[in-house]
Amino acid sequence: MKITTDKVNSNLVREVEEVSGQKVSACFQCGKCSGGCPVVLTMDVLPHQVLRYAQLGLVDELLHCKTLWICASCQTCDSRCPRNVDIPKVIEALRLLVLRNKGGNYLHPNDLSEKVRRNAPQQGLVSAFRKFAK
Amino acid sequence: MPVVNERFEPLIVAFCCNWCSYAGADLAGISRMSYASNVRIIRVPCSSRVNPGFIIRAFQRGADGVLVAGCHPGDCHYHSGNFFTRRRLTVLKQMIEYLGIEPQRFQVRWISGSEGAKFAMVMNSVAEEIRLLGPNRKLRDVR
Amino acid sequence: MKRIGVFICWCGSNIAGTVDIDKVAAAAGTMNGVVYVDQNKYTCSEIGQAMIKDAIKEYKLDRVVIAACSPRMHENTFRKTVESAGLNPYYLEIANIREQCSWVHKDKEAGTAKAISLIRTAVAKAAMNEALFAVEMPITRRALVIGGGIAGIQAALDIADTGFEVDLVEREPSLGGRMAQLDKTFPTLDCSACILTPKMVDVAQHEKIRLFTYAEVEKVEGYLGNFTVTIRHRARSVDLQKCTGCGECLAKCPAKVASEFEEGLVQRRAIYTPFPQAVPNKPAIDRAHCRFFTTGKCKVCQKVCPADAIDYEMEDRLLTNGYGAIVVATGFDTHKLNDYGEYAYGKHPDVLTSLEFERLLNASGPTGGKILRPSDGKAPKTVAFIQCVGSRDKAKGNSYCAKICCMYTAKHAILLSEKVPGSKAFVFYIDVRTAGKDYEEFYTRAYEECGASYIKGNVSKVFPEGEKLLVRGVDVLSGALVELLVDMVVLAVSVDARADAKELAKKLAVTVNEHKFFTEAHPKLRPVDTQTAGIFLAGVCQGPKDIPETVAQASAAAVKVAAIFSKQSLLSNPTVAEVEQKLCSGDMSCMAVCPYGAISEQVVEERRGREMVTRKIARVNVALCQGCGACTVACRPGAINLKGFTNQQILAEVDAICL
């Protein structure tokens, strides 16, 4: 892994910020997200590192990491973030970037049971579609 | 007969607040930043002292452009003055358009006392913009 | 017809290099009202000034235009010149043909044309210049200091030492403020009480200082040199003249309530002195919790008092005094932790705020200076310090850095290692900020010599695990997860402005920023002044700062006050707004835009036809008006004008430019 001017100046940060609507540059690396994440033990890149990589344009490392597909979008991180960065949205944006190079969704919302559709959080549903599409 | 340069030189009246923009103009001078000579500065204590009537009067008397410059919003020497300026002159800008004067002829800029370079740049760009518009004929004819 | 003299300066070659002075002089001679034109190599020199004075007398000039450098440079110089020749200083007008002409235009023809235009504009304005006079205002040479913490104490002592009278108002029953609560102070580990209490005693004994404790500012009127302040002296229920401070009542009072001074760690009585070294060391009755005031029965304190000092009939008194200047030193509140459920504060007794921990450290605190867990009274072997609780958190706390927490946490870690042998401190931080003299060295000492482990990463959650606390976080630098079982958690709480800062700001007619800290007049060059002349700031009420900075600002405020009081009288700024009575409609739009509260309503009696009618009009207080002119534009009938920058003058300038 190497940080270079090309990578730092790449379009990734802008793209992720545009898709997610979140300010990646706002993160000051306090690590509160990673500390509280319930699924962090199985992640290869920790949530705070996701933001750091994105800030530095480490595109390949991000798009090929397992973390994107492990994140449960439970939003524990986002509820404690002092910088108001909605990290699940950032990860969702990264998943989208991967999927845009691959193909469409695997699951259709209508395939889900009424109960799941009613009660599951929207972000959770959307990320589930993405994961199945992988 | 010498060849006369026929390039149109607009006349621009600039109202500058004493604490920021007038100081910015002085700084441009101290730093010897050369800029278009079309601008004539009137010193006012605060941009909120600029009555919209003054601006209309300048257009009436044949000014081709009017610039109001004050401290950056939030940095006003008198606290809140430039907030009033911003509101008043936003309304005036619409009225000027309604009168049929090109809105670019009337500009409001925030220039601090440390922005000599910005002052010079603004003077150049405003002068150039108004030069392209040509002479102001609208209200002048009413006179 | 005015007799205007125009003096054109070469400024060596600074002006003469780009502007054809002879041509300008010739043009100036033809301008309306100009009877005399002269030029000089350096007008600001003594010779140049003498020439102006001579010309004024010889040619009977009544207005003077000087075409030279910026008025921001030499306006005052030339005003004095004109004044010494017998003219009103405001008869002078300056055409700025250096900074705004010769220095910025290279083309001589364009420069010359612009210089002529600038002089014509100045001549047009000068013709309409009126004589303006500064009003002399008397000064009340007594200062009011609001707040009796270290900032207020220092300001009061410094003012009093210059020989002027000071009244110090403190809301609590004793002086001392936050500093009195602290144990040691960084970076020297001086004992806080040892350096503070002598100053508190100095205040009480200083012949120039009147100390009002248990009192609050109720109302402020007036302006620089002449404030009128009403102070509410709250009913203390104890006669300070009679009370000897023996403390009998404190021991016998049956009503108990959490002690504010001890951060709620122990209880105090309803009749109480906040702490043992209180000044004055005489109690007050907290009526909200006193058994007699709540139930009507008790009066134990009265029975035991040997001096007969208890007075249940005492009432709040409102006393009004005159002051020439005010120093605001109201300090801070600590951040409320309601939104930080993840740190288990309030859910587990061993999760403490930093100020509570400070009381545990303090020899006069609830544990006598021993660090003991509130839950079981055992000394903690491992302590997690969590930084930035409520600071640098725009989501649910303060977006700003509270500035002092990095340093006091280093202090806590050092003191922990000294007081509990074999203990270990873990400090969770986002960034460690140690800008200050000897601060970095102090921080280094915490981790090099005292064994504190610094972990970069904010704690995500604290779980009570039986007797212990499980702290979960991440070490950002290694990417490793952190799970620590500790005996105690200390939260470095952020610093808030006082909850009622806004109300006080309103009374004083000063402003607060978005975090309710009082706003200084200029962030760099006037950090002690407020926008309201005569009111100064000291300490954390202006923004987070540590003790050395607070003391420095307090002394600075004191000098500002002394500088005002050292003057014979104050001269008002003569370029102020003026209301023309017959045009004023009394709709008071001007009052709404005035940032200084300088405009008020006035009822006037006027003749209308045959009868006399009364109506209200606007009135400008020339002492408060700073001359911004915002009101002149807000006024619909055009009844307010700004002296020195009248509508007529500015229009004349516009006309002269557009000739």
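Before you colour anything by burial, here is the rule: a residue is buried if 20 or more other C-beta atoms lie within 10 Å of its own, exposed if 12 or fewer, and partly exposed in between, with C-beta atoms placed from the backbone. Bear in mind that this is a predicted model, where local features need pLDDT of at least 70, side-chain atom pairs count only at pLDDT 80 or more, and totals for chains, interfaces and linings use all residues. Residues are numbered from 1 along each chain as its sequence is written, while chains are lettered from A and ligands numbered from 1 in the order in which they are written.

**Stop one: chain A.** Select chain A, where buried residues make up 38% of the 134 residues. Switch to cartoon and you'll find 10 helices and 0 strands (helices are DSSP runs of H or I with at least four residues, strands are E runs of at least two, both numbered from the N terminus). The C-alpha trace of chain A spans about 50 × 30 × 25 Å along its principal axes. Its radius of gyration (taken over C-alpha atoms) is 15 Å, close to the 14 Å from the globule rule (2.2 Å times the number of residues to the power 0.38), so chain A is as compact as a globular protein of that length.

**Stop two: where B meets C.** Show chains B and C together: 34 residues of chain B are in contact with 37 residues of chain C (contact means C-beta atoms, placed from the backbone, within 7 Å). On the chain B side, α1 (21-30), β2 (39-44), α2 (52-60) and α3 (81-98) each give two or more residues. Which element gives the most? That's α1(B), with 6 residues.

**Stop three: a helix in chain C.** Pick residues 108-127 of chain C, which form helix α6. This helix has 20 residues and reaches 28 Å from its first C-alpha to its last, close to the 28 Å expected at 1.5 Å a residue (the expected span is 1.5 Å times one less than the number of residues). Since 17 of the 20 residues of α6(C) are buried, the helix is largely enclosed by the rest of the structure.

**Last stop: two domains of chain C.** Now colour domain 2 (136-231 + 316-331 + 498-572) and domain 3 (235-315) of chain C; the bounds come from an automatic or database domain assignment. Their centres, taken over C-alpha atoms, are separated by 28 Å. The contact takes 15 residues from domain 2 of chain C and 13 residues from domain 3 of chain C. Finish on helix α8 (residues 192-205) of chain C, which supplies the largest share of the domain 2 side, 5 residues.

Conventions: Contact = placed C-beta atoms within 7 Å.
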